[in-house]
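Trainee: Could you walk me through this one? I have not looked at it before.

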Amino acid sequence: MADPLLFHLDSRPTTRQVADRVKAGGVDALTEAERRADHATYQEVDCRSALNRVKGMPFDWTLNPYRGCTHACHYCFARRYHTQFELDSDDEFASVILVKRNFVEVLRHELDKPSWQRDQVALGTATDPYQPIEGRYKLTRRTIEALANARTPTGIVTKGPMIVRDRDVLIELSRAASCTVCMSVPTVDEDAWRTLEPGTAHPMQRLRAVRELADAGINAGVLMAPIVPGFSSSRSKLERTIKAIADHGARFVGCNVMYLQDGTRTHFMQFIAREFPAMQPRFERLYTKKYPPDNYRKEIQGLVRVLQDRYGLRKRRSADEANAGGEAGVAAEPDAPQPEQVAFRW
Ligand code: SF4
């Protein structure tokens, strides 16, 4: 039996306890958290479960070893989930990161159960599994090892070129079950990248990672998600991005237009009002609902399809065929909007 004192010293708060502490005293109440040189605060937590059941998506379970993301994309749909921990969906989403220290041990236990059916799993749906802190904890790497060991088919979504570090275990997983890597590269336009994804690696660095993984025989492709109206939606920007994706040997490409909901909507609209006030009225008109009007989305998606044909990408597999993961609404939302008239073109 474990020594009760040692057990106590080694234990960490649960996410519920973190939420209680933050509610009572703000982030300063997380006294065991580590403040690192990247100006983010890292709080280790103990999780009770790793696999999270989902419905209506092209995968059955999700895995997220971290919560919060220092990549800090302004459109990130996962911002709204941070409020579950009494943390805000603005700066705290990108600067207070929960690290599930016992994640892999809990996952191995779940995968070992005779009831585990080896359903499709998506890794990195509510946070990036290759954000910089992964270099220290290696939770994602060890998660992939566990999934390979349990012969569980997996899709991974990331903006982190660090994934090439794990080429060996990704190959192992590909052989044991199946593995699809979806690199998120919404655009190669530098202005849009710097503005919208301030904590991420350069888009071309991400595409070079796709090249390396594809060359290693891994099913690696690109998700242009989300395409953000007014920032990355012009024909010339879409064409440059699709050409770069094709040039880097992506095995598939998918796309979707940005959607805004709850805390993500609040954050994004405040960001636009603060940094780009002239664009605010247009965003308010385009986003009266979660998605822009259906014919606007269809127009963008149609343009992407034409460009995919031009650069030979449609002959490759689509993201859906690859049974990809779900960052930023890659999978169709079950409550997608009905067609409406688009009031303007952007
Ligand atoms: S979109 Fe992905 S990479 Fe960007 S902040 Fe959200 S989880 Fe992180």
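Mentor: We can go through a strand, a helix beside it and then some salt bridges. This is a predicted model, in which local features need pLDDT of at least 70 and side-chain atom pairs count only at pLDDT 80 or more, while totals for chains, interfaces and linings use all residues. Residues are numbered from 1 along each chain as its sequence is written, and side-chain values use heavy atoms, with hydrogens and water left out.

Trainee: OK, how many residues of strand 9 are buried?

Mentor: Six of the six residues in strand 9 (residues 179-184) are buried, where buried means under 20% relative accessible area, exposed means over 50% and partly exposed lies in between, with a 1.4 Å probe and protein chains only. Strands here are DSSP runs of E with at least two residues, and helices are runs of H or I with at least four, numbered from the N terminus.

Trainee: And which residues sit on each face of strand 9?

Mentor: Cys179, Val181 and Met183 are on one side, with Thr180, Cys182 and Ser184 on the other, and both faces are covered. In a regular strand the side chains alternate between the two faces of the sheet.

Trainee: Which strands does strand 9 pair with?

Mentor: Strand 8 (residues 154-158) pairs with strand 9 in the parallel sense over five bridges, and strand 10 (residues 219-227) also pairs with strand 9 in the parallel sense over five bridges; pairing requires that DSSP finds at least two bridges between two strands. Ile156 stands opposite Val181, and Ser184 stands opposite Leu223 in strand 10.

Trainee: What about helix 7, which of its residues are buried?

Mentor: In helix 7, Val169, Leu170 and Leu173 are buried. Seen down the axis of helix 7, its buried residues fall within an arc of 105°, so they line one face of the helix; the arc is that of the directions from the helix axis to the C-beta atoms.

Trainee: What covers those buried residues of helix 7?

Mentor: The cover includes helix 6 (139-149), strand 8, strand 9 and helix 9 (203-215), with contact meaning heavy atoms within 4.5 Å.

Trainee: Switching topic, how many salt bridges are there?

Mentor: The count comes to 25 salt bridges, each a side-chain nitrogen of Lys or Arg within 4 Å of a carboxyl oxygen of Asp or Glu. One of them joins Glu105 and Arg142, whose closest N and O atoms are 2.5 Å apart. Glu105 lies in helix 4 (residues 103-112) and Arg142 in helix 6, so the pair ties together parts that are 37 residues apart in sequence.
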